[in-house]
Amino acid sequence: MLFQSTGFLFILLPLFLVSLRLAPAGISRNLVIFFFSYLFYSGNEPIFLVLLLLSSTVDFFTALQIDRAGTPLGRRGWLIVTLCLNLGLLGFFKYGMMILSKLTPLADGIGLTLPDPDFFKAIVLPPGISFYTFQSMAYSIDVYRRHVQPERSYLSFINYLAYLPQLIAGPIERYSHLSSQLHDLVNGKTIPNWSAGLDRIALGVIQKLLIADNCGLIVNALAGQGKFDSFVTSWAFAFGFGLQIYFDFAAYTHIAIGLGLLMGVNLTENFLSPYKAPNIQEFWRRWHLSLSTWFKDYLYFPLGGNRKGRFRTVFNLLLTFLLCGLWHGAGWNFILWGGLHGTMVGIYYLIRDSNLVARIPQVVGVTITLCAVHIGWVLFRLHDSEKILVVLKGMVGWYGLNNGVLSIIDGGFLVLVMMGTLLLPNASERWPGSAGWWESTLLMGLALATLCNIPNIAQFIYFQF
Amino acid sequence: MEISLADRFGRRDRAQERLRLAGGLILLALLILLEVTLGNWLERENRRPIDSMTVESFDLEHVLKDHSGQSPLPPKPAGVRRILYLSNSHATTGGYVSKHFRRMLDVVAPGRFQIIDVSTPGVVASSILQRAMLAKEMEVDLVVLQVAYISFSDRFKLAQQDSLAEHFFRPGIFESLPWGFWWRNYDIGMFADHLVHRFSRLARYRNELRTLWEAPLIAWLKPFTGSTPSRIIEVDKQRLMTMPLGFDPTIFDWSLYPLGRNGHLADMRDLLAILSRMDIPVIGSNLPIDFAKQYTNARLNVEDFSRYQEEMRRIFSSTLRYSDYQKCFPVDFTTYDPLHPTWTGARLHAAHLVLLLAESGWWKDAPDMNHLKQALLMQESAVPDFYRQALENIDTSNGRGYRRYDVTDAHVASHLLGQLEKEGWNSPRAYRLLDQTLLRLNFWIREPAPPPKDCPAHFQGVWPEILHEEFVKHVERLAYFRARLEKMAKVPSTILSANPKSRLDWSIHRP
């Protein structure tokens with residue numbers, strides 16, 4: 001089910017909020033959250049509910065075991081159990097085909113017969129699995145590190161993983177941040193912020209339907225025709241996709257945060273104007289914060305972070321970003337994308353204290369970062385190495401300046417959106433509380449008009465990760 | 001940047017809140033006003049009762065959006081029998097099977113039959129089921145069901161979900177659907193969307209609402225955009241008809257159908273059970289696929305296909321008639337792609353249907369087979385208006401214009417030769433036009449398949465005779481067209497004969 005669908009906005013959401021309001025504080029409210037979150041997640045494949053419930057149940061009990069275990073070895077053992085389970089789930093559904101297709105030739109060599117990798121073709125990736133397994137792993141590790149006490153209420157833990165606004169595509173919430181708020185919500189102690197919540201939802205709807213989906217149409221048309229070879233169209237393709245993925249994901253986050261605010265729950269901000277970043281390191285402090293901080297806290301720091309010398313730091317960065325790339329999908333292009341970002345962040349780490357970097361004006365830094373990030377998006381969007389090469393060559397003018405495929409209106413739209421992205425403040429900067437009354441009315445009006453005029457809506461890109 | 005709770009809740013300005021509330025109320029009032037005025041107007045404009053119901057297909061989407069509870073058709077006249085024709089793009093792309101069917105019946109039994117074509121591209125078993133449920137309210141006497149292996153399965157689901165959801169909830173349908181069907185076709189988002197559509201005309205007719213302002217705006221912007229469409233204004237119609245993740249080369253597998261072959265067949269079983277409860281007889285068929293034209297990288301799972309055939313035969317065993325066309329229909333009469341019939345192919349499909357009707361016993365006073373054969377063969381020379389119109393509208397701007405047409409048809413051949421003459425024989429455009437045609441020309445010249453012989457329904461030998469005549473004519477005319485082309489265009493014969501396999505592949509790689 002999609003957040004921006006009329007069915008969700010005008011049927012399921014009001015029902016959820018009214019039920020939550022009417023239910024007495026305590027277990028009833030917990031049950032309401034559980035029911036609506038699972039109903040929402042059931043989508044058109046109710047079988048996935050079983051998987052989510054099973055995963056939540058095992059994680060709940062293993063976390064209790066971690067806490068109860070008397071010895072460090074026991075604690076570690078239970079942690080390994082839960083990590084293996086979560087990574088195993090992710091590996092089976094997301095990377096099964098890739099792993100099996102790589103292992104098959106090796107197995108053939110030693111006379112073993114593995115199942116046909118095509119077996120995985122029929123298996124649909126459960127939505128949000130990358131998000132809820134990461135959230136669950138973070139919880140288990142935090143319990144292991146004694147950063148948090150394990151949740152004693154089964155229903156509360158299930159709701160922590162399945163809380164409707166953030167279930168499908170994050171933000172990947174830490175237990176320490178979300179659980180206390182959910183406890184308050186269940187006990188009637190939160191204060192809903194209707195104004196800010198509705199503003200964020202309206203902004204998300206507009207960003208998704210008016211900006212991201214329209215950028216997507218331009219990008220898909222260029223990709224579909226394979227006409228992204230000229231200088232203009234190759235950059236239009238890269239920037240078009242960069243804007244599409246940013247506004248698509250930012251829109252989802254706006255709606256998720258907005259939904260949270262309607263219940264008085266404050267979810268983590270995921271984006272802080274990433275395209276305004278003056279360097280690549282700063283970009284990753286602003287892009288998909290909940291994921292980048294997850295990798296920082298649970299992978300980069302345990303690897304040693306920057307405490308073990310420059311060489312080891314660069315290695316740690318590279319490894320972290322490679323795995324971050326792999327998190328996005330089982331494809332070499334995602335690994336390459338992660339590798340590119342790891343390399344760029346590594347190089348920046350090595351030269352960041354030099355005079356040269358210090359002398360680079362901000363505007364130049366932003367431009368370089370923007371171009372580098374968008375070269376990366378080409379790897380992210382295209383899975384075919386030949387096509388990637390065509391776009392990259394097109395970006396340096398290999399096939400001429402312009403092939404006339406991009407209409408003036410479409411090109412102008414992309415330029416306008418990019419200018420807006422770079423010059424206008426982020427929503428959370430512009431409206432730290434809620435928008436002013438006229439801005440709010442304008443947002444609502446535009447969102448409603450958009451909903452009434454968009455014939456078909458597209459899924460969020462991050463649903464597939 | 002951290003945003004604290006205090007930030008979020010700190011700016012509680014009473015005056016601001018009042019103004020915000022006022023803004024919200026104004027918006028709500030405006031929405032209600034538009035719903036009552038514009039929504040009513042949209043509904044009135046878009047409700048299209050079928051008043052000249054001879055046999056043309058109609059826009060089912062509008063029927064499904066109509067919540068009046070009335071049949072979209074006028075009452076059935078006395079002595080007329082209605083046939084619900086239900087298929088996928090087999091019917092809507094290429095040669096128009098249902099139109100041929102109607103024309104043939106009009107010749108052999110004028111005014112006796114009405115064909116209601118509710119076919120839709122990319123149809124899946126569940127949407128067939130929902131469409132078939134219309135049978136009772138339309139007073140249908142027979143359902144003709146033509147489906148293909150996988151039918152390109154679920155890939156169109158998103159584009160069609162509105163009409164699917166609408167139909168689940170029509171009176172008489174909701175309660176009669178079996179639980180298994182609900183489980184297989186469960187979609188909470190779709191159901192919720194339906195509820196909104198039920199109450200809001202603005203939501204229900206949003207496509208139509210958009211066309212109100214889109215067309216004038218596009219016309220106004222044309223001087224700036226030229227012939228290149230602007231994606232941000234014009235709705236990408238193609239998107240409604242394309243796979244969500246692009247065209248999948250492995251089209252003949254079940255990977256995108258949620259419950260695979262078993263789900264598809266279970267839905268089919270439910271459909272037949274419901275029609276049987278309604279006491280409506282069914283003629284079913286498995287449509288032929290030309291696997292020689294299969295898209296690249298696709299691996300036909302032979303075992304799966306034969307199991308599918310076997311299951312279909314079993315499921316349809318209780319129906320009036322069932323034909324597995326893969327065995328008894330010449331797949332050569334498909335267009336450049338493996339499924340859609342050409343004009344000749346569609347005519348043959350329709351002829352087979354007429355013969356089936358006559359043979360089934362359902363058509364009590366059917367003419368004898370030889371009379372039917374003569375009538376069906378005569379149909380070739382009559383050129384209906386819709387075909388003439390289609391020929392006039394052939395898109396000659398690219399090489400795809402003729403790829404769905406038979407160059408063995410005199411009208412198509414002369415149309416194409418005229419275009420080539422106009423373009424200049426040596427122009428790249430002429431070459432492109434020819435190239436797509438040559439694809440099928442080469443295909444036939446290289447390997448004209450003989451008419452299938454193991455067809456169980458021979459209709460007293462009439463069907464093989466019809467096929468034989470068509471084959472002979474086809475091959476003769478192809479040779480004639482080729483000679484004419486070589487002579488008039490001075491096309492080197494090597495173009496027609498050199499490496500036909502690679503030419504074939506070329507076009508299939510780049511449809």
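**Helix 4 of chain A**

Helices (H or I, at least four residues) and strands (E, at least two) are DSSP runs, numbered from the N terminus. The model is predicted, so I kept its limits in mind: local features need pLDDT of at least 70, side-chain atom pairs count only at pLDDT 80 or more, and totals for chains, interfaces and linings use all residues. Residues are numbered from 1 along each chain as its sequence is written, and chains are lettered from A and ligands numbered from 1 in the order in which they are written.

Next I checked the span. Helix 4 (residues 72–109) of chain A has 38 residues, yet its end C-alpha atoms are only 41 Å apart. A straight helix would reach 56 Å at 1.5 Å a residue. The expected span is 1.5 Å times one less than the number of residues.

I then listed burial. W78(A), L79(A), T82(A), N86(A), F93(A) and K94(A) are buried in helix 4 of chain A. Buried takes 20 or more other C-beta atoms within 10 Å of the residue's own, exposed 12 or fewer, and partly exposed lies in between, with C-beta atoms placed from the backbone. Helix 3 (47–68) and helix 5 (129–144) of chain A are included in the cover over these buried residues.

G7(A) sits in helix 1 (residues 6–22) of chain A. It counts as buried because it has 23 C-beta neighbours inside 10 Å. Leaving out residues up to four places away in sequence, G7(A) touches L12(A), G189(B), A192(B), D193(B), L195(B) and V196(B). Contact means C-beta atoms, placed from the backbone, within 7 Å.

I moved on to the whole contact. It takes 48 residues from chain B and 49 residues from chain A. On the side of chain B that touches chain A, helix 2 of chain B gives the largest share, 8 residues. That side divides into 26 nonpolar, 11 polar and 11 charged residues. Here Ala, Val, Leu, Ile, Met, Phe, Trp, Tyr, Cys and Pro count as nonpolar, Asp, Glu, Lys and Arg as charged, and the others, Gly among them, as polar.

**The sheet of chain B**

I traced an open sheet of 5 strands in chain B, order 2-1-3-4-5, with parallel pairing. Strand 2 (113–117) and strand 5 (321–324) of chain B each have a single partner strand, so one side of each is left without a neighbour in the sheet. The twist averages 15° from one strand to the next. Strands pair if DSSP finds at least two bridges between them.

Strand 1 (residues 81–87) of chain B joins strand 3 (residues 142–147) of chain B by 5 bridges. L84(B) stands opposite V143(B) there, and S87(B) has Q146(B) as its bridge partner. Strand 1 of chain B also pairs with strand 2 of chain B over 5 bridges, in the parallel sense. In strand 2 of chain B, D117(B) faces Y85(B). Of the 7 residues in strand 1 of chain B, 6 are buried.

Methods: Axes are lines fitted to C-alpha atoms, for helices over the stretch in contact, and angles run from 0 to 180 degrees between N-to-C directions. Two residues are in contact if their C-beta atoms, placed from the backbone, lie within 7 Å.
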